[in-house]
Amino acid sequence: MVVTIIGILAMMAVPDMGQARMDRHTYDDAGQILGLVRTARTRAMGRGAAEMLVFDTVTATSLRGRYTLYEGVDPNPGGANDNTARVPRSSCTYPATGWTASDPHNTLVDAVDLDATYENENNITSRVIVFDNTGSPTVTTQVIALCFTPLGRAYFWSGGAGSTPQFTAAAPFLGTLAVDVARLLTGQNVISSTSTAGLTRRIIVPSSGNARIVSSITPPAP
């Protein structure tokens, strides 16, 4: 009888363990995005280079979210202007086209891609919310980019898929970004108060770059 009871309890615990495992993976995804934001700010100050972080939840290949970190670089002294460029470039704004994809003036540092197998199988997705300097939120429908400089300044850009981020002194980052990561119910594809299963993890990104994670049983309102 004791063995039978233990077996029954174990069977009852299996679904809860599965849910906990998926919630933990959701948290890990959020933690990786948080780490990417912190890496951007740390590298900017430590290496003296401009660091651009792209938040992409709108392109055909990144509907669940792709978060990519690039570093601004210049050609090595006396070297050709090619992909061997490794000297840190401190400016987010010069050259204006320096953040063009595959341009030798930027190099890929790291990325977090939620279009992976596990996220697709368990319907884990993300959304990006932009808060302006008055605190008003908007769920973005564009690609967002932040650029951090070694002096602690941050710049903001938004644009359509495939367009080149360009930063100007007239567009400093004064507001806050938030990235919500959640596991959705079967058949759902948008984070809402009725579509999620388990906890929603929110990464809050202020203009200082000192990001943090908060958790909620229901998704925080945009």
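Student: Where does Ala 49 lie?

Tutor: Ala 49 lies in the loop between α1 (2-47) and β1 (51-56). Keep in mind that we're looking at a predicted model.

Student: What makes Ala 49 count as buried?

Tutor: Buried means under 20% relative accessible area. Ala 49 has 0% relative accessibility, so it counts as buried.

Student: Which residues does Ala 49 touch, not counting residues up to four places away in sequence?

Tutor: Among them are Arg 43, Ala 44, Glu 71, Gly 72, Pro 88, Arg 89 and Phe 148. As for Asp 74, Ala 49 is 25 residues from it in sequence and 9.9 Å from it in space, C-alpha to C-alpha.

Student: Arg 89 is on that list. What does Arg 89 lie over?

Tutor: The face of Trp 99. The rule asks for CZ of Arg within 6 Å of the ring centre and within 35 degrees of the ring normal. Arg 89 lies at 4.8 Å from the ring centre of Trp 99.

Student: Let's zoom out. How many helices and strands does the protein have?

Tutor: Two helices and eleven strands. From the N terminus on, the elements run α-β-β-β-β-α-β-β-β-β-β-β-β. Buried residues make up 42% of the 222 residues.

Student: In what order do the five strands of the open sheet come?

Tutor: The order is β6-β5-β9-β10-β11, and the pairing is antiparallel.

Student: What makes β6 and β11 the edge strands?

Tutor: β6 (137-139) and β11 (212-216) each pair on one side only. From one strand to the next, the twist averages 25 degrees.

Student: How do you know that β5 and β9 pair?

Tutor: Two strands pair if DSSP finds at least two bridges between them. Eight bridges join strand β5 (residues 124-131) to β9, and the two run antiparallel.

Student: Which residues are the bridge partners of Val 130?

Tutor: In β9 the partner of Val 130 is Leu 177, and in β6 it is Thr 138.

Student: What about β9 and strand β10?

Tutor: Eight bridges join β9 to β10 (residues 196-206), running antiparallel. Ala 178 stands opposite Ile 204 in β10.

Student: Why is β9 called largely enclosed by the rest of the structure?

Tutor: Eight of the nine residues of β9 (residues 176-184) are buried, so the strand is largely enclosed.

Student: On to the rings: how many aromatic pairs are there?

Tutor: The count comes to two.

Student: Why is the pair of Phe 55 and Tyr 67 called edge-to-face?

Tutor: For a pair, ring centres must lie within 6.5 Å, and planes over 60 degrees apart count as edge-to-face. The centres of Phe 55 and Tyr 67 are 5.8 Å apart and their planes stand at 85 degrees, so the pair is edge-to-face. Phe 55 lies in strand β1 and Tyr 67 in strand β2 (residues 66-74), so the pair ties together parts twelve residues apart in sequence. Both Phe 55 and Tyr 67 are buried.

Student: And what makes the pair of Phe 156 and Phe 173 stacked?

Tutor: Planes under 30 degrees apart count as stacked. The rings of Phe 156 and Phe 173 have centres 6.2 Å apart and planes at 20 degrees, so the pair is stacked. Phe 156 sits in strand β8 (residues 154-159) and Phe 173 in the loop between β8 and β9, 17 residues apart.

Student: Are Phe 156 and Phe 173 buried or partly exposed?

Tutor: Phe 156, with a relative accessible area of 21%, is partly exposed. Phe 173 has 6%, so it is buried.

Note on methods: Residues are numbered from 1 along each chain as its sequence is written. This is a predicted model: local features need pLDDT of at least 70, side-chain atom pairs count only at pLDDT 80 or more; totals for chains, interfaces and linings use all residues. Side-chain values use heavy atoms; hydrogens and water are left out. Buried means under 20% relative accessible area, exposed over 50%, partly exposed in between (1.4 Å probe, protein chains only). Helices (H or I, at least four residues) and strands (E, at least two) are DSSP runs, numbered from the N terminus. Contact means heavy atoms within 4.5 Å. Axes are lines fitted to C-alpha atoms, for helices over the stretch in contact, and angles run from 0 to 180 degrees between N-to-C directions. Rings of Phe, Tyr and Trp (its six-membered ring) pair if their centres lie within 6.5 Å; planes under 30 degrees apart count as stacked, over 60 as edge-to-face and the rest as tilted.
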